[in-house]
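Please open the model in your viewer and keep the sequence panel beside it. The stops below each begin with something to select, followed by what is to be found there.

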Amino acid sequence: MTMAQALFYLMAFIALASALFVAASKSLVRSVFMFFVTLMALAGLYVLALADFIAITQIVIYIGGILVLILFAFMLSGRETLANLQQQDNRFISIGKLPALLLAVVFFMVMINILFKTDVNHLLWLSKAIAHKNVFSPSDATVSNIGINLMTRYLLPFEAMSILLMMALIGAAHLSRKEKKA
Amino acid sequence: MIPLSDFLIVSAGLFCTGLYIILSKHNAIQILIGIELMLNAAVLNLVAFGKFDRLNNGGQLFALFAIVLAAATTAVALAIILNVYKKYKTIDPGKIDELRD
């Protein structure tokens with residue numbers, strides 16, 4: 001087993017275990033901080049999939065932006081919710097959560113089944129890509145190619161994304177403004 | 001080399017954990033965390049397949065777009081959650097059951 005493989009299985013274990021902890025945790029604050037660990041492990045997995053730029057973006061946007069935003073909203077939504085949350089019955093398996101657990105497990109089994117039926121490692125286009133040497137190797141410098149593609153081939157989605165970001169900004173500002181007496 | 005199927009299995013596990021969180025939690029913020037987990041599983045898939053597209057970077061760029069999209073939607077969703085909390089004093093989606101103001 002090579003170093004990369006060992007690191008991959010370590011990261012995968014950390015990601016899955018912390019995700020399960022998020023699902024099982026009693027307190028909201030603890031689950032938010034465990035989600036932080038999940039996102040970090042996922043960034044590690046992106047690096048092992050040879051997408052270093054995506055990994056850095058993940059850390060900057062998810063951990064620097066979204067997680068801080070979630071904590072901020074949580075702190076703003078007051079003490080009472082915190083107290084309510086602690087009291088409610090939050091065991092991992094209880095009768096009320098059985099349908100959710102059943103659905104998640106069955107869905108997982110369906111996905112794994114499809115994955116093995118399609119024989120994902122030997123798909124046609126993947127073997128074509130390998131034959132044409134269209135595969136990342138660990139020594140490639142990827143970021144400049146990403147920049148060029150972003151400004152040429154994928155310019156339309158990029159611009160659509162910028163419009164969507166502006167809409168989200170205006171929408172969030174509109175939603176959180178002080179209510180005037182109409 | 002790490003086989004592609006391992007990435008997909010990890011991603012399927014994360015997706016189902018997110019699904020379970022969404023279905024079982026009684027708190028809008030935790031449901032939002034579940035949605036983020038599912039989005040991250042999808043991004044992991046995009047990145048894992050994107051390894052086989054060196055010239056066009058299709059998978060990696062759309063992973064980037066998905067991350068930015070998640071950031072934008074989270075900002076709006078949190079603003080909505082704060083407003084709902086102001087109005088109903090609870091963020092349990094099961095208890096918010098009246099539409100008129």
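**A loop residue in chain B**

Begin by selecting B:Asn57, which counts as buried because it has 24 C-beta neighbours inside 10 Å, the cut-off for that class being 20 or more. The model is a predicted one. B:Asn57 sits in the loop that joins H2 and H3 of chain B, and its phi is positive, at about 55 degrees, although the residue is not a glycine.

**The helices of chain B**

Along the principal axes, the C-alpha trace of chain B spans about 55 × 25 × 15 Å. Of the 101 residues of chain B, 56% count as buried, and among contacts in this chain between residues at least 6 apart in sequence, 43% join residues at least 24 apart.

To see where they meet, select residues of H2(B) including B:Leu32, B:Leu39, B:Val43 and B:Leu46, and then residues of H3(B) including B:Phe62, B:Ala66, B:Ala70 and B:Ile81. By class, this contact of H2(B) with H3(B) has 16 nonpolar, five polar and one charged residues.

**Where the two chains meet**

Bring chain A back into view and colour the two chains separately. In this model, 60 residues of chain B are in contact with 70 residues of chain A. On the chain B side, the elements that give two or more residues are H1 (4–24), H2 (28–50) and H3 (58–88), with H3(B) giving the most, at 20 residues. Sorted by class, that side of chain B has 41 nonpolar, 14 polar and five charged residues.

**The largest nonpolar core**

Which residues have the most contacts inside the largest nonpolar core? Select A:Ala15, A:Leu45, A:Tyr46 and A:Ala49 together with B:Ile29, B:Leu44 and B:Val47, which are the ones in question within a core of 68 residues. The elements that give two or more residues to this core are H1 (3–24), H2 (28–48) and H3 (52–76) of chain A, along with H1, H2 and H3 of chain B, and H2(B) gives the most, with 14 residues.

Stay with A:Ala49 for a moment: leaving aside its neighbours within four places in sequence, A:Ala49 is in contact with B:Phe7, B:Val47, B:Ala48 and B:Lys51.

**Two last stops in chain A**

Move on to A:Leu50, in the loop between H2 and H3 of chain A. A:Leu50 takes a positive phi of about 60 degrees although it is not a glycine, and it is buried, with 22 other C-beta atoms within 10 Å.

Finally, select residues 124–131 of chain A, which form helix H6. Is this helix buried or in the open? Of its eight residues the number buried is zero, so H6(A) lies largely in the open. Just after H6(A), A:Lys133 has a positive phi of about 55 degrees.

Conventions:
Residues numbered from 1 in each chain as written. Chains lettered and ligands numbered in written order. Predicted model: local features only at pLDDT ≥ 70, side-chain atom pairs only at ≥ 80, totals over all residues. Contact = placed C-beta atoms within 7 Å. Helix = DSSP H or I, 4+ residues; strand = E, 2+ residues; numbered from the N terminus. Nonpolar A, V, L, I, M, F, W, Y, C, P; charged D, E, K, R; others polar. Buried ≥ 20, exposed ≤ 12 C-beta atoms within 10 Å, placed from the backbone. Core = buried A, V, L, I, M, F, W, Y, C linked by C-beta atoms within 7 Å.
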